[in-house]
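Have a look at it first.

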Amino acid sequence: MRFLLALLLLVAAPGFGATLAERLDAVLARPAARRASWGILITDLATGRPLYQHNAHRLFVPASNMKLFTTALALTRLGPGHRYLTRLASTAPPDENGRLAGDLVLVGGGDPNFSSRVLPYNQRTEFSSNPLQPLEDLAEQVAALGVREITGNIIGDDTWFPWQRYVDSWDLEDIVLHDGAPVTALAFNDNVVALRLRPGAQAGERPLVSFQPPSEFYTVDNRASTVMSRTNRRVIRISREPGERVIHVTGDVVHGTAGESIVVSVDDPALFAAQALREALIRRSIHVTGLAVGRHEPAPEVTFTLASLSSMPLIEDLRLTNKVSQNLHAEIMLREVARERRGSGSLENGLAELREFAGEADISGSDFLPEDGCGLSRKNLVTPSALVALLTYMWNSPQHDMWLETLPVSGEDGNLRLRYRSTPLGKGQIHAKTGSMTHVSALSGYFLSAEGPLAFSILANNTGERNAPLRALIDQLLLAVDPSAPTATRPGSRPARP
């Protein structure tokens, strides 16, 4: 009797003996899915035949699925070996007494990894112990030249790109925090600092405040308190008015804990970097007469290079950007393409390059309406069919292997490292880009099934729910694509392309 009951339950279970459309429709029919607007397209890459579609030609907010377009553009236009150069320059070399007359200019060349980040990326983001490392390296090169005095200012120059820090449609809350860090050609430490709050010695005391890396760029209006219990604890909140150098902090830090850390954006990265460099020079007993200054408008070029740092090849940053969804890096790539191709690294030129590239992938202009390169803007609109067209184009491109390597892998790395781990898809079958913002959840990429590779895009908008339930539904949709627990077709052994 128990065996018969189990068999009846198995037959009635969604997916047993059902077609692909029936299995996916069953997931979308669940109460948790009904409030959202869904756009889905799944295509067989070997034949180009759509296997399932649901609102595939309707426009959706893609969130960070926008990075698929930007990173594909950068890989194709700039090439995997492209490098950025950061220089320390002056109008003349130091004299025989070690005196450098005039300004010392830190010239940003667009390097998004001008930080202590450890590359190549390996499963998760890592940083070296000293967040000031690249500036320390440059200061050490200057000291090695025998420089003992600088009579001018220390200038942070970010004029490699136009001074367009933000996209107009980004939310104010985003630009205060790390998600909306300003886009500049001199981008030290991802243009952010970590505000750290440690509990005071007893209840009622103000938490102790520090910054990492150490900085005097911001002052803190500390109105937070130390409390003895988590019960009724107020959440730590920060705010900062645009252009203001004061961070306002409220909420409670619990005694006996390590405290809290909030990553905030730096609104003038060139000045921030110049300040940190000036301190690094002074630590080496170099007397600096002038101040730290940020420069955002073009000035006569300083031609004598005293020190420089070259980035790792672009492919390393492409991996990082897609795997951890790094907004600033995607925006910098967009502007670097614009500068290389159109002579000016403006947002407008970058978006024009994106639209041109989409046309090369046979994507209609009405299916792809970009506003930025990272997906932070809610004015970005794209159809699932446009995303699958891009994925198909890159699958069949000469960059196929490198492109696939940039995407998060289910159960292995990036933002998919913990997803699917306990499912049949947890052994690397999914190579895809995540996307998440309030009321938006997305996943687009490749399903490397035993039956052959698939390209898919799943976009959920207007969810009215927190994103975790939507991510779970997206996972259920992919699990329903192939309920037979496929074995991955790994890069390098892919089926022949049509």
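1. The crossing of α5 and α7 is right-handed (the near helix is turned clockwise from the far one by less than a right angle; helices are DSSP runs of H or I, at least four residues, and strands are E runs of at least two, numbered from the N terminus). This is a predicted model, with local features needing pLDDT of at least 70 and side-chain atom pairs pLDDT 80 or more, while totals for chains, interfaces and linings use all residues. Residues are numbered from 1 along each chain, and side-chain values use heavy atoms, leaving out hydrogens and water.

2. Helix α5 (residues 133–144) packs on α7 (residues 269–282) at about 50°, axes 9 Å apart, so the two are oblique (neither under 35, over 145 nor 65 to 115 degrees; axes are fitted to C-alpha atoms over the stretch in contact, and angles run from 0 to 180 degrees between N-to-C directions).

3. In α5, Leu 135, Glu 136, Ala 139 and Val 142 meet Ala 273, Ala 276, Leu 277, Ala 280 and Leu 281 of α7 (heavy atoms within 4.5 Å). That contact has eight nonpolar, no polar and one charged residues (Ala, Val, Leu, Ile, Met, Phe, Trp, Tyr, Cys and Pro are nonpolar, Asp, Glu, Lys and Arg charged, the others, Gly among them, polar).

4. Which strand gives the most to the lining of the largest pocket? β21 does, with five residues. The lining divides into 18 nonpolar, 20 polar and twelve charged residues (a pocket is an open set of points on a 1 Å grid over the protein atoms alone, with protein on both sides within 12 Å along at least five of seven lines, and lining residues have an atom within 4 Å of a point).
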